[in-house]
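Me: I've got a model open and I'd like to go through the labels on it. Can you back each one up with its cut-off?

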Amino acid sequence: MYNELLQQVRALQNVRATEHHDNDTFKNRVDSVLDECFQLFSLFYLALGKNKEVPATYVQLVTIKQNFELFSETGIYTD
């Protein structure tokens, strides 16, 4: 399933290669659903004990990124 998801992401990247957005942080509903899918796959890998494989690290990195964004928004953390 993970490889099938990666194939769909590559297809999406090919479609998006022709799109142009002024904002580099442009996100839509498809991006949110893909992020949730990758987080679920990552949690599955962690639950299976495959902690050192690449998909398992995704949810950890996303959580750290979200924490830094929250800290930045509240003024607790600055660059």
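Predicted model: local features only at pLDDT ≥ 70, side-chain atom pairs only at ≥ 80, totals over all residues.

Reply: Residues are numbered from 1 along each chain as its sequence is written, and side-chain values use heavy atoms, with hydrogens and water left out.

Me: Why is Leu34 called buried?

Reply: Buried means under 20% relative accessible area, exposed means over 50%, and partly exposed is in between (1.4 Å probe, protein chains only). Leu34 comes in at 18%, so it's buried. Leu34 sits in helix α2, residues 29-47. Across the protein's 79 residues, 18% count as buried.

Me: Which residues does Leu34 touch, leaving out those up to four places away in sequence?

Reply: Leu5, Val9 and Leu12, where contact means heavy atoms within 4.5 Å. Leu5 is 29 residues from Leu34 along the chain, and their C-alpha atoms are 8.8 Å apart.

Me: What makes a set of residues the largest nonpolar core, and which residues are in it?

Reply: A nonpolar core is a set of buried Ala, Val, Leu, Ile, Met, Phe, Trp, Tyr and Cys residues joined through side-chain atoms within 4.5 Å. The largest one has eight residues: Tyr2, Leu5, Val9, Leu34, Phe38, Phe41, Tyr45 and Ala56. Helices α1 (2-16) and α2 each give two or more residues to this core, and α2 gives the most, with four. Generally speaking, nonpolar side chains in soluble globular proteins tend to be buried together.

Me: Which residues is Ala56 in contact with, leaving aside neighbours within four places in sequence?

Reply: Ser42, Tyr45, Leu46, Lys50 and Asn51.

Me: How do you know how many aromatic pairs there are?

Reply: Rings of Phe, Tyr and Trp (its six-membered ring) pair if their centres lie within 6.5 Å; planes under 30 degrees apart count as stacked, over 60 as edge-to-face, and the rest as tilted. That rule gives two pairs. One is Phe38 with Tyr58, at 5.7 Å centre to centre and 50 degrees between the planes, which is tilted. Phe38 lies in helix α2 and Tyr58 in helix α3, so this pair ties together parts 20 residues apart in sequence. Phe38 is buried because its relative accessibility is 17%, whereas Tyr58, at 28%, is partly exposed.

Me: Why are Phe41 and Phe44 called edge-to-face?

Reply: Their ring centres are 6.4 Å apart and their planes stand at 85 degrees, so the pair is edge-to-face. Phe41 and Phe44 are three residues apart in helix α2, so about one helical turn separates them. Phe41 is buried at 14%, while Phe44 is partly exposed at 48%.

Me: And Phe68, why is that one called partly exposed?

Reply: Phe68 has 40% relative accessibility, so it counts as partly exposed. Phe68 is found in helix α3, residues 54-74.
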